[in-house]
Amino acid sequence: MKFSPFFHFVAVPLALVAAVSIASAEAPNKAPTVINPPPTAQDWADLAKLPDWSGVWNPKISDQDVQVKTNPPPWNETAAKKIEFMFAEEKAGRPRLIFSYCLPEAHPSWMLVTHNALEILFTPGRVTMLGESDGNRIRRIYTDGRGHPEISDPTFHGHSIGHWEDDTLVVDTVDIVPQAPLAISEAAGLPNNGDMHVIERIHLEGKDILHDDLEIIAPKILTKPWKTTRIFFRQRARKFDIVEGVCETGDLAERVNAEGDSVFVPVEKSIWGHTLAVPAK
Amino acid sequence: MRNLIKSIGALAALGMLALGVSSVAAHHSSTMFDHSKSVTIKGTVVELRWVNPHVTLTINGSLSDDEAPSEWLLEMTSPGNLVRAGGWRRDAVKPGDKVEIVFSPLRDPDKKGGALKKLTVLATGEVFTANIREQEKPGLE
């Protein structure tokens, strides 16, 4: 079969243009994929310029205790009544469970009331906090210059972006689930009920002492932003190495079943969270 | 049928709450224990549950020589904190070990339990404590 010159020089190009136009019309307007670029050697080298936050950091629990009285959050009227009731119940030996079902203590309560250690890892574009006692204590703080997402997708630790101001890491966190408690102890705290915003300035206050200066904006339960500092001590002894912790094991006992398999079986807990009875072996 | 099962489940849950019984683990306050009191008990280790967030120790013991031994359940902080603050290990005590324990009892006098403060293994004299506020300075060894 032979084609005329018209076919080669006019018809074929026209058909190609038409095909491309149809394809373009059918394809959705897809935004370019945003990637996390592979770190360069310089990115890794730049980490060495950051302050040394290595080691394990354990909290100053006695200061948490003191601040319950000396620096309480500016609760609104409704919240204050609930907190007052919680204190009365705790004093009477009926402490409310603020952290039930082994859910994460969440942000910022993990920072505020933890009794366990944490460690802080620097990698290009990110600071990561890993906590002890529950496997669910993880904070990812993006330091690659990104902003918060346009569409909110709340999580227990929220969406955190950070930047360095000299040797201080400034962290801005939003998109925290409304159920996450703002807790001042293990028996006093309230759901933030939404729109909570946390700003932190984390820095060394001396060679082996870390301060987390928090400003907590929780408009549904506070009358104004609450400023507080949490203190952590650096440990390097290996006995401080963080160990795996799974909160749910507190509900369980290790047993061997009738088939000879190693299994977990439930223990009996009180409504206040302590263990009442462990099944016999 | 499904509604019947739901109703039974709800009633069971209410009954559990009425008894003060639950199955939810959590980090919790310890004011169900009377920290103004210190009680000493001697007994035999039944089981050490090395679990988060609260380790428990069950012993068969009595508060005095003229009292028949019975099971007591004592609670502590998490394994990580016990290792650092109290010198504990998963095998610090084993079933059958004779121990003396100082603890703060539950406020409910009908319940045999408490918050462990100090344990002595009678055969070796080894002592383990449980005060997490004893690690509040940097560079501990």
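How far apart do the C-alpha centres of domain 1 of chain A and domain 2 of chain A lie? The legends below take this up first. The model is predicted.

**View 1. The two domains of chain A.** The C-alpha centres of domain 1 and domain 2 of chain A are 30 Å apart. The domain assignment places domain 1 of chain A at 56–240. Domain 2 of chain A spans 247–277.

**View 2. Where domain 1 of chain A touches domain 2 of chain A.** Five residues of domain 1 of chain A contact four residues of domain 2 of chain A. On the domain 1 side, three of these residues are nonpolar and two are charged.

**View 3. The fold of chain B.** Chain B has two helices and seven strands. Their order along the sequence is α-β-β-β-β-α-β-β-β. Chain B has 141 residues, and 41% of them count as buried. Take the contacts in chain B between residues at least 6 apart in sequence: 57% of them join residues at least 24 apart.

**View 4. Chain B against chain A.** Here 40 residues of chain B are in contact with 54 residues of chain A. On the chain B side, the elements giving two or more residues are β1 (21–22), β2 (39–49), β3 (56–62), β4 (70–75) and α2 (79–86). The most comes from α2(B), which gives five residues.

**View 5. Residue classes on the chain B side.** The side of chain B that touches chain A holds 17 polar residues. Another 14 are nonpolar, and nine are charged.

How values were computed. Residues are numbered from 1 along each chain as its sequence is written. Chains are lettered from A and ligands numbered from 1 in the order in which they are written. This is a predicted model: local features need pLDDT of at least 70, side-chain atom pairs count only at pLDDT 80 or more; totals for chains, interfaces and linings use all residues. Helices (H or I, at least four residues) and strands (E, at least two) are DSSP runs, numbered from the N terminus. A residue is buried if 20 or more other C-beta atoms lie within 10 Å of its own, exposed if 12 or fewer, and partly exposed in between; C-beta atoms are placed from the backbone. Two residues are in contact if their C-beta atoms, placed from the backbone, lie within 7 Å. Ala, Val, Leu, Ile, Met, Phe, Trp, Tyr, Cys and Pro count as nonpolar, Asp, Glu, Lys and Arg as charged, and the others, Gly among them, as polar. Domain bounds come from an automatic or database domain assignment.
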